[in-house]
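Dear colleague,

Please find the structure below, handed over together with my notes on what was found in it. I would be glad if you could read the notes with the model open beside them.

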Amino acid sequence: MDIVFIRGLRIDAIIGIHDWEKKQRRPLLLDLELGCDIRRAAATDQISDALDYAAVTERLMQLVADNRFELVETLAEHCAACLREEFGIPWLRLTLNKPDAVGAGVAVGVIIERGERIP
């Protein structure tokens with residue numbers, strides 16, 4: 001299985017359990033590894049045969065803009081489900097990083113894997 005990756009995607013979100021976190025957007029950083037077969041895209045050199053990482057990025061930004069979450073775990077699950085369903089991604093690894101969550105310079109987050117790698 002080939003992997004298309006997106007690293008350092010910054011998305012501003014309303015996320016957190018505290019009242020002050022629910023009042024302002026704060027940055028999140030996402031790293032994605034998306035399983036796919038790139039052979040057809042490589043052969044045709046056509047975006048229509050590729051996993052369009054610009055479309056993936058736009059969709060995640062829209063998902064986060066349209067929702068509010070308390071937990072990074074919930075947001076990560078929603079992102080993974082959206083990508084798998086809407087883009088037909090059989091396997092992914094998503095890292096969601098919430099910078100400065102528990103103090104200046106301290107990042108917290110989750111890494112999840114969903115689906116199965118196809119040989």
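Arg-93 counts as partly exposed, because its relative accessibility is 22% (buried means under 20% relative accessible area, exposed over 50%, and partly exposed in between, with a 1.4 Å probe and protein chains only). Its side chain meets that of Glu-33 in a salt bridge with an N to O distance of 2.8 Å, where a salt bridge is a side-chain nitrogen of Lys or Arg within 4 Å of a carboxyl oxygen of Asp or Glu. This pair links distant parts of the chain, since Glu-33 belongs to strand E2 and Arg-93 to strand E3, 60 residues apart. Arg-93 also forms a salt bridge with Glu-113, with the closest N and O atoms 2.8 Å apart; because Arg-93 lies in strand E3 and Glu-113 in strand E4, that pair ties together parts that are 20 residues apart in sequence. Glu-113 is partly exposed, at 40% relative accessibility, and the shared partners join Glu-33, Arg-93 and Glu-113 into one network of salt bridges.

A search of the whole structure finds seven salt bridges. Another of them brings together the side chains of Asp-12 and Arg-10, at 3.5 Å from N to O; Asp-12 is partly exposed at 37% relative accessibility, whereas Arg-10 is exposed at 52%.

Before going further, please note that this is a predicted model, in which local features need pLDDT of at least 70 and side-chain atom pairs count only at pLDDT 80 or more, while totals for chains, interfaces and linings use all residues. Residues are numbered from 1 along each chain as its sequence is written, and side-chain values use heavy atoms, with hydrogens and water left out.

As to the overall architecture, the protein has three helices and four strands, which follow one another from the N terminus as β-β-α-α-α-β-β (helices, H or I with at least four residues, and strands, E with at least two, are DSSP runs numbered from the N terminus). The C-alpha trace spans about 50 × 25 × 25 Å along its principal axes, and of the 119 residues in the protein, 34% are buried.

Finally, Val-102 is found in the loop between strand E3 (91-98) and strand E4 (108-115), and it is exposed, with a relative accessible area of 62%.
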